[in-house]
Amino acid sequence: MDLTFSAEERAFEKEVRDFIAASLTPEMKRATALTPSVFSDPDIGMAWQRALHKNGWGAPGWPVEHGGPDWTPAQRWIFEAECARAGVPNVNVMGVKMVGPVIIGFGSPEQKNFYLPRIVSGEDYWCQGYSEPGSGSDLASLKTRAVRDGDDYVINGTKIWTTHAHHANRMFALVRTHDTERQQDGISFVLIDMKSPGITTRPILTIGGDHEVNQVFFDDVRVPVANRVGEEGKGWTYGKYLLEFERGSGIASAKLRDALRTVSDLAESDVTGRAIDDPDIAVRMSEIEVDIDALEMTELRVLSALQTGQNPGAVSSLLKLRVSEIRQAVTRLGVEVIGNDGLYVEPMRPLYRLNEQPAIPENMLPVVPEYLNGRAYTIFGGSSEIQREIVAKMVLGL
């Protein structure tokens, strides 16, 4: 899709490209290309976050009074597209794109003053405490309990599939503060210091061989009541608000297009025997490109709403559904493109720190792990079945 930009927007585009050229090191770029997980490791991702913050670009979607750059929708689009094209690291989106908007929308002045600067600077690294064993898609059934004891909550329970909990120094979590007839009414939203006594993190290795997610246990963990965001028992409302940003506040089409370009480059190379000459692969590549074009248009509409201070709304579920499906289609195509080389297993992580030459070309290394890890795309952040129910009810009125 071609977008017609003004002279000022073209100047901004050059400014973004110049910034990336000056700030993105070859090490960052290589590490990002060889990372099959959802997020970059903190030593890579947060180095990029600090570079963005230094330039005043650490929180593109935030209001200017809280550190946002006051960009127009077109500028935001240009920034995201150029970052994807250049292959910049994924920053800790759970801070900037998820808990940040919740604190801005519902947090106390003290919480805003303390947490927001630390999020945008990269000083704090966040993880999300939502899912539990038995409470994934049925999140309202969560059982991790927070009992009031003076000025503290005492938290007991467990969270699972907690991405980067082993790196994070802070967690935002949904906890049960009351037993109510309607499960959603007894949930509160709290901010937890991961260094608090009583927190244990147990690694979970994904099928792709990566240590990305964890199970986190809480044994009599004391959290100040002052760390509760908003009203007690209103956490379900805040949690849904956050999920709208998780599902629909990003510009995934630019990254999907870059991922498809990586697969296309492999398909056109001699190392795959020019897999692009296979008519089936060529057709599927074209089909995915059309799907990305359609997604791009929807994201532009949502971006305009976000720029006026609105949350994404129910359309975020449509975006999450399509992004997940397209991402899986891209990774599945990648495996088919590399063919028998996909049988090679490299257990070392991170891949960008290998001490010896792999048996297959380096740019093939993340293809199969990305495909295997990508099976979770239609589950995390709300399964595809849940997203279809939301779209049917909230968008189509069924």
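Predicted model: local features only at pLDDT ≥ 70, side-chain atom pairs only at ≥ 80, totals over all residues.
**Salt bridges**

Side chains of opposite charge can pair when their charged atoms come close. In this model the count comes to 27 salt bridges.

| Pair | N to O distance | Separation in sequence |
|---|---|---|
| K159 and E132 | 2.9 Å | 27 residues |
| D210 and R349 | 2.7 Å | 139 residues |

Apart from neighbours within four places in sequence, E362 has contacts with R30 and L34. N55 is 307 residues from E362 in sequence, and the C-alpha atoms of these two residues are 33 Å apart in space.

K159 and E132 form a salt bridge. K159 is in strand β3 (residues 152-160) and E132 is in the loop between β1 and β2 (residues 145-149), so this pair ties together parts that are 27 residues apart in sequence. Both partners are below the 20% limit for a buried residue: K159 has a relative accessible area of 0% and is therefore buried, and E132, at 7%, is buried as well.

D210 is buried, with a relative accessible area of 4%, whereas R349 counts as partly exposed at 21%.

Salt bridges also form a network, which links R10, E13, R17, E82 and R85.

**Strand β4**

Which part of strand β4 (residues 170-176) is buried? Seven of its seven residues are, so the strand is largely enclosed by the rest of the structure. In a regular strand the side chains alternate between the two faces of the sheet. In β4, R170, F172, L174 and R176 point one way, and M171, A173 and V175 point the other way. The residues of both sets are buried.

β4 pairs with strand β1 (residues 126-129) in the parallel sense, through four bridges. W126 is placed opposite R170 of β4. The pairing of β4 with strand β5 (residues 187-193) is antiparallel and has seven bridges. There, F172 stands opposite L191 of β5.

**Cavities**

Rolling a probe the size of a water molecule over the atoms shows where empty space is left. Two cavities of 30 Å³ or more are present in the structure, and the largest cavity holds about 40 Å³ of space. Its lining consists of M46, Q49, V91, N92, G95, V96, I119, D124 and W126. The elements that contribute two or more residues to this lining are α3 (residues 42-54) and α5 (residues 93-106). By class, five of the lining residues are nonpolar, three are polar and one is charged. W126, named above as standing opposite R170 in β4, is one of the residues that line the largest cavity.

Notes: Residues numbered from 1 in each chain as written. Heavy atoms only, no water. Contact = heavy atoms within 4.5 Å. 1 Å grid on protein atoms, 1.4 Å probe; cavity = no way out; pocket = protein on both sides within 12 Å on 5 of 7 lines; lining within 4 Å. Points joined across faces, edges and corners; volume = space filled by probe spheres on them. Nonpolar A, V, L, I, M, F, W, Y, C, P; charged D, E, K, R; others polar. Buried < 20%, exposed > 50% of the residue type's maximum accessible area, 1.4 Å probe, protein only. Pairing = 2+ DSSP bridges. Salt bridge = Lys/Arg side-chain N within 4 Å of Asp/Glu carboxyl O.
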